[in-house]
There are 2 protein chains.
Amino acid sequence: MQKPLILITNDDGWDAPGLRKLINIARKLGDVAVVAPDKPQSGMSHAITMSHPLRLKKIAEEEGYREYSCNGTPVDSIKLGEQIVLGRNPDLVLSGINHGSNASVNIIYSGTMAAVIEATIDGIPAIGISLLDYSHAADFSHVDEYVTQIIENVLQEKLPKGVCLNVNIPAKSEHEIKGIKICRQAKGRWAEKFDIRTDPYKKEYYWLTGEFEDGDTSPDTDSWALANNYVTVVPVHYDLTAHRMIEELKGWE
Amino acid sequence: MQKPLILITNDDGWDAPGLRKLINIARKLGDVAVVAPDKPQSGMSHAITMSHPLRLKKIAEEEGYREYSCNGTPVDSIKLGEQIVLGRNPDLVLSGINHGSNASVNIIYSGTMAAVIEATIDGIPAIGISLLDYSHAADFSHVDEYVTQIIENVLQEKLPKGVCLNVNIPAKSEHEIKGIKICRQAKGRWAEKFDIRTDPYKKEYYWLTGEFEDGDTSPDTDSWALANNYVTVVPVHYDLTAHRMIEELKGWE
């Protein structure tokens, strides 16, 4: 069987340890091309770059492996990877491993998951992977087994058209991981707060901060499963239609 | 009855004629606060600003009306509007009127609709409105009746928690608009192409371009209805879970 061609990106940027871990896992499973942002792109969601041109910088090239950084977003990275670096669709797209959770409503803000959704729009099987540890020095030593198993499942079983996977992994701790759980996206939210400061010229400025409010702790959610030390897999699609509302809205007329 | 408090933003930026049109319509229906990006933010999706602080600039203040620009994204604008400008949730959020379609898969890339989804996460009724004309000089003379009717419906009937509206309006033409149609998001996609150029220093750079591929022309889609000269209303939610896949994935174990 021919080796699968795997395209990898992330949103923490080219030098993130989580990206290195994912590259190491993927190279055991196929040929790998990496196109990753040259600076942190957390919170960039599905942003694309239209105001200035994009550039690619070759970092490494050897048998079965190519690595580039780019000056764009995670979604730009996928587009550049497909169109410029590979010249074709890869067999699989991986994004991450993100330093920090993309469970619950975090998926909406996530550059990691936006790259995965972009690949899905292009008809490519895709998986986003995140670790619940924001630290640059996060410990990824417990993830190999789970990440490998999920990638192998996707390569064997395929995913239906239009569906990708959002995988989140508990932070390394003394508690053993209980296994993999298929979940739905919890309905949490960020209660934003601004840190209001005054600059040396007496003008106000605002740093965005926030606290996560986990208002949905049903056992079928990713939030619940992560809190109970499971690796979570949420099947994700990009049809935002609230289908159940269509008939009700027709009644407004 | 007390006048509703309406918060308005857009993604084309503070000086876009579509924003002015929406402000004019909204001021007939309630008190209005505007927080709009100080430069174009098209294609910024749900991006939030964490790498630098945000600032607000007061543009206008009079009875029942306040207007600010900010150096952030459309989603930042909503957060600043709620937390800093108003200090409370408004009764309604409006975003637009966007110069260009946000039908079909465009919703994923849209800053206009991301602002609306952000408000929805915060529990605020919200409507995004777009005109199918990318020109800065777009003709908005035919939109008042439809936009007013949809806003009044939302103010009267409310929307269920977690659901917002994506409204698209055909460009002005000699053909009469046939009415308002409740639709689902069509499954189109952008077939991206890069315009490959060489800079004066002999290095390649890439401009993102693309062609929209409308692969889903069923009569219940927004794409079909817009092509047939209807104003479209798609109910939108932010649960990205592909629920039908949950049982199937459990079978993988």
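This is a predicted model: local features need pLDDT of at least 70, side-chain atom pairs count only at pLDDT 80 or more; totals for chains, interfaces and linings use all residues.
The contact between the two chains draws 55 residues from chain A and 55 residues from chain B. On the side of chain B that touches chain A, at least two residues each come from the helices α2 (74-86), α3 (106-109), α4 (111-121), α5 (144-157) and α7 (245-250), and likewise from the strands β9 (189-198), β10 (204-213) and β11 (231-236). Of these elements, α2(B) gives the most, with five residues. When the residues on this side of chain B are sorted by class, 34 are nonpolar, 11 are polar and 10 are charged.

The helix α2(B) is largely enclosed by the rest of the structure, because 10 of its 13 residues are buried. The buried residues comprise B:Pro74, B:Val75, B:Asp76, B:Ser77, B:Ile78, B:Lys79, B:Leu80, B:Gly81, B:Glu82 and B:Val85. After the helix comes B:Gly87, for which phi is positive, near 70 degrees.

The largest nonpolar core has 154 residues, and those with the most contacts inside it are A:Ile127 and B:Ile127. In chain A, when residues up to four places away in sequence are not counted, A:Ile127 touches A:Leu94, A:Val116, A:Ile150, A:Ile151, A:Val154, A:Cys164, A:Leu165 and A:Val167.

Terms used. Residues are numbered from 1 along each chain as its sequence is written. Chains are lettered from A and ligands numbered from 1 in the order in which they are written. Two residues are in contact if their C-beta atoms, placed from the backbone, lie within 7 Å. Helices (H or I, at least four residues) and strands (E, at least two) are DSSP runs, numbered from the N terminus. Ala, Val, Leu, Ile, Met, Phe, Trp, Tyr, Cys and Pro count as nonpolar, Asp, Glu, Lys and Arg as charged, and the others, Gly among them, as polar. A nonpolar core is a set of buried Ala, Val, Leu, Ile, Met, Phe, Trp, Tyr and Cys residues joined through C-beta atoms within 7 Å. A residue is buried if 20 or more other C-beta atoms lie within 10 Å of its own, exposed if 12 or fewer, and partly exposed in between; C-beta atoms are placed from the backbone.
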